[in-house]
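Please open the model in your viewer and keep the selection panel at hand. The stops below take up a helix pair and then a set of charged side chains.

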Amino acid sequence: FFFFYSNKGINEFGKNQVRFFEPSLKELVLTIQEYERKFNISLSNEARLYLAKSVDALFLEKEIEKLSLYKKEIYVDDVKELVFAYKDESFEELFE
């Protein structure tokens with residue numbers, strides 16, 4: 001699906017996802033909050049930030065859905081234990 005974030009929430013079109021830019025940290029956190037509401041789950045602020053920084057945006061929805069099956073209150077330790085970090089590291093970031 002194609003998504004963009006606006007003040008009205010996530011908008012989805014079709015089944016294929018197209019993204020022309022990397023979302024900002026703020027946009028990722030807002031997207032995570034939308035998925036929290038969708039799956040009726042509560043993540044701590046630390047858990048949200050960890051997900052936003054360590055999981056590619058393509059996988060956020062499925063990871064949050066998976067966490068919702070675990071329990072309804074999720075903390076950063078739960079996320080670290082249950083979620084694989086999908087973010088790619090750039091060559092430059094590896095040597096910083």
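Predicted model: local features only at pLDDT ≥ 70, side-chain atom pairs only at ≥ 80, totals over all residues.

A crossing of two helices is called right-handed if the near helix is turned clockwise from the far one by less than a right angle, and left-handed if the turn is anticlockwise.

**First stop: α1 and α3**

Select residues 25-39, which form helix α1, together with residues 60-70, which form helix α3; the two pack at an angle of about 40°, and their axes lie 10 Å apart. Viewed as a crossing, the passage of α1 over α3 is right-handed.

Now show the side chains where the helices meet: on α1 these are Leu28, Ile32, Tyr35, Glu36, Lys38 and Phe39, while α3 contributes Leu60, Glu61, Ile64, Glu65 and Ser68. Coloured by class, the residues of this contact comprise six nonpolar, one polar and four charged.

**Second stop: salt bridges within α3**

The whole structure contains six salt bridges by the search applied here, and the tour visits some of them. Glu65 and Lys62 are three residues apart in helix α3, so about one helical turn separates them. Glu65 is partly exposed, at 29% relative accessibility, whereas Lys62 is exposed, with a relative accessible area of 58%.

Next select Glu63 and Lys66, which form another salt bridge, with 2.9 Å between the closest N and O atoms. This pair, too, is three residues apart in α3 and thus separated by about one helical turn.

Finally, move to Lys71 and display Asp78 with it: the two form a salt bridge whose closest N and O atoms are 3.3 Å apart. Lys71 has a relative accessibility of 33% and therefore counts as partly exposed, whereas Asp78 is buried, with a relative accessible area of 9%.

Terms used:
Residues numbered from 1 in each chain as written. Heavy atoms only, no water. Axes fitted to C-alpha atoms, helices over the stretch in contact; angles between N-to-C directions. Helix = DSSP H or I, 4+ residues; strand = E, 2+ residues; numbered from the N terminus. Contact = heavy atoms within 4.5 Å. Nonpolar A, V, L, I, M, F, W, Y, C, P; charged D, E, K, R; others polar. Salt bridge = Lys/Arg side-chain N within 4 Å of Asp/Glu carboxyl O. Buried < 20%, exposed > 50% of the residue type's maximum accessible area, 1.4 Å probe, protein only.
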